[in-house]
Amino acid sequence: YGFLFLKNITPLEEMSRMVLYHRVPCTKIPGEDFQYAKETEILSLAEAAEVYHLALGEGFDHKMFRRQEGTFYSKEALDLLDLAVARFDVFSHLADESYQKELDDILEYMIFTNEDKKKFIQTIMMCIGFRSEIALMDAVSCVCVSKQLARKLNLAPENEEKLYYASLIHDIGMLSIPAKIIEAPRKLTQEETALTRTHVSREEKILLNRMDSEIVAIATAHHERLDGSGYPKGLTASSLSREQCILQVADVVTALTSERAYRKKLTKEEIIKTLKQDVKDGKLHRQV
């Protein structure tokens, strides 16, 4: 499944076969028609080292893998692990999490094409599906509704593209909310509702300085309302763009057309009635 996921949904199609072979002995990794054979050997050893380091703590000794040199792990991969420990003290950096800044520094200098960026963002959305199939379907539905509304309103192509990306990742912050709360087959408590609402601010913290600020602004306003009754910032009509208003409507429609653990999905007539009431109450954009 990991292989198929990387092959079909991410920009890593050429490397996807690494997943198929990263848990077999180095002697069984194909070399002739597979350009990432050496990287797969390294991935195999790196994964094992991470697991044992986490399990054994201070009792971990990376030299333990030498007992399987030439059978399960290649000498070249083991020599690289020795070098990583001697030159970079890699396991100390894992233990104190200082590697995260180093990784951020590396990512600052990586260059991606627009197509790669699009695929990576789609990958992030698909990752929601690992937590909840319903959440993934909601994300796809919201993208489709937003796209149709943008066309009906004759949005400029560049604005439609920003709306597309915003609708794609508008609920990524939900990954930080415990599944037992999201999937609770009952009405949430006040504390659970308050925690769930933090998904927007968490999302903003994650996305700022990593994505176009206009896309972030659209994505993080999907629970705002024209009358200021929304969250997290209580924005009003004068502060909301057309794209933000579209995503708000698309998000409401998506929620109402989806079945939840605590209620059935609404009919078309019920949804239209709800939308009209929200417009009457000054919450949703009348034209949208």
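How many helices and how many strands does the secondary structure of the protein chain come to? The chain has 15 helices and 0 strands, where helices (H or I, at least four residues) and strands (E, at least two) are DSSP runs numbered from the N terminus. This is a predicted model, in which local features need pLDDT of at least 70 and side-chain atom pairs count only at pLDDT 80 or more, while totals for chains, interfaces and linings use all residues. Residues are numbered from 1 along each chain as its sequence is written, and side-chain values use heavy atoms, with hydrogens and water left out.

**Figure 1. The protein chain as a whole.** The C-alpha trace spans about 75 × 40 × 35 Å along its principal axes. Of the 288 residues, 34% are buried (under 20% relative accessible area; exposed means over 50%, and partly exposed lies in between, with a 1.4 Å probe and protein chains only). Among contacts (heavy atoms within 4.5 Å) with a separation of 6 or more, 55% are between residues 24 or more positions apart.

**Figure 2. The crossing of helices H8 and H14.** Helix H8 (residues 133-152) and helix H14 (residues 242-257) have axes that come within 9 Å and cross at roughly 135°. H8 is therefore oblique to H14. Axes are lines fitted to C-alpha atoms, for helices over the stretch in contact, and angles run from 0 to 180 degrees between N-to-C directions; under 35 degrees counts as roughly parallel, over 145 as roughly antiparallel, 65 to 115 as roughly perpendicular and the rest as oblique. Residues of H8 that meet H14 include Asp-138, Cys-142, Val-145 and Leu-149. On the H14 side, the contact includes Ile-246, Val-249, Ala-250 and Val-253. The residues of this contact divide into 9 nonpolar, 3 polar and 2 charged (Ala, Val, Leu, Ile, Met, Phe, Trp, Tyr, Cys and Pro count as nonpolar, Asp, Glu, Lys and Arg as charged, and the others, Gly among them, as polar).

**Figure 3. The nonpolar cores.** A nonpolar core is a set of buried Ala, Val, Leu, Ile, Met, Phe, Trp, Tyr and Cys residues joined through side-chain atoms within 4.5 Å. The largest one has 39 residues, and Leu-163, Met-211, Ile-246 and Val-288 have the most contacts inside it. At least two residues of this core come from each of helix H7 (114-131), H8, helix H9 (157-169), helix H13 (213-219), H14 and helix H15 (268-280). H14 supplies the largest share, 8 residues. Leaving aside residues up to four places away in sequence, Val-288 touches Leu-149, Leu-153, Arg-242, Cys-245, Ile-246 and Val-249. A second, separate core has 11 residues, including Leu-45, Met-64, Phe-65 and Tyr-73.

Figure 4. Most residues other than glycine have a negative phi, and most peptide bonds are trans. Asp-89, which is not a glycine, has a positive phi of about 50°. Asp-89 lies in the loop between helix H4 (75-88) and helix H5 (90-95) and is partly exposed, at 37% relative accessible area. Asn-154 also has a positive phi, near 55°. The loop between H8 and H9 holds Asn-154, which is exposed with a relative accessible area of 68%. Tyr-231 and Pro-232 are joined by a cis peptide bond with omega about 10°, and Pro-232 lies in the loop between H13 and H14.

**Figure 5. Ile-206 and Gly-173.** Ile-206 belongs to helix H12 (residues 199-207) and is partly exposed, at 43% relative accessibility. From C-alpha to C-alpha, Ile-206 and Gly-173 are 8.2 Å apart in space, and 33 residues separate them in sequence.
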